[in-house]
Amino acid sequence: MEEWRDIVGFEGIYQVSNCGQVRSIITGKIKKLTISKHDLRPYLGLWKNNKQLICKPHKLVMEAFVSFRPEGMECCHNDGNPHNNHLSNLRWDTSKNNHADKVKHGTTNRGERCGAAKLTQKQVDEIRQDNRLQRLIAADYGVHQNTISRIKNGKRWAHS
């Protein structure tokens with residue numbers, strides 16, 4: 001059953017539900033979420049005194065139904081889906097555990113998923129097996145010799 005509570009700081013103006021929806025008390029309409037082009041996560045703008053505050057729905061749910069964010073904690077999605085803002089899917093946890101969740105769910109931005117990656121996992125595996133001079137390997141893959149050194153020493157692509 002969906003339960004609604006006032007959003008802290010916006011009492012009498014907006015409410016958030018335990019299912020992650022936000023509505024205007026004045027109009028009764030559900031607010032549409034916008035998807036960030038930067039990180040593809042949902043957000044919305046709430047207005048008060050002619051000023052807009054950009055909010056993330058998962059944080060609104062946690063603050064209305066659990067507590068304010070404890071010092072050093074982050075709002076984490078148990079299933080790794082940033083669009084699932086049901087209270088049952090959210091928790092306060094450390095940054096370290098949030099990152100471990102991202103690894104577990106495959107949503108971390110590392111390896112080939114990193115927008116700046118010039119190499120694939122297959123190429124990294126080949127580089128690790130290649131015993132030639134690092135400058136020759138670097139020339140073959142179009143990267144700097146330092147990149148090859150860091151891959152071989154486990155300082156880059158250490159997760160693989």
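Arg-23 lies over the face of Trp-4, 4.0 Å from the ring centre. For a charge to sit over a ring, NZ of Lys or CZ of Arg must be within 6 Å of the ring centre and within 35 degrees of the ring normal. The charged end of Lys-48 also sits over a ring, that of Phe-10, at 5.9 Å from its centre.

A word on the source. This is a predicted model, where local features need pLDDT of at least 70 and side-chain atom pairs count only at pLDDT 80 or more, while totals for chains, interfaces and linings use all residues. Residues are numbered from 1 along each chain as its sequence is written, and side-chain values use heavy atoms, with hydrogens and water left out.

Back to Phe-10. The whole structure has 1 aromatic pair. The ring centres of Phe-10 and Tyr-14 are 5.8 Å apart and the planes stand at 65°, so the pair is edge-to-face. Rings of Phe, Tyr and Trp (its six-membered ring) pair if their centres lie within 6.5 Å; planes under 30 degrees apart count as stacked, over 60 as edge-to-face, the rest as tilted. Phe-10 and Tyr-14 are both buried, meaning under 20% relative accessible area, with exposed over 50% and partly exposed in between (1.4 Å probe, protein chains only).

Now the sheet. Its 3 strands run in the order β1-β2-β3, open and antiparallel. Strands are DSSP runs of E, at least two residues, numbered from the N terminus, and two strands pair if DSSP finds at least two bridges between them. β1 (4-6) and β3 (22-24) are at the edges with a single partner strand each, so one side of each has no neighbour in the sheet. β2, residues 14-17, pairs with β3 over 3 bridges. Within that pairing, Gln-15 stands opposite Arg-23 in β3.

Notes:
Helix = DSSP H or I, 4+ residues; strand = E, 2+ residues; numbered from the N terminus.
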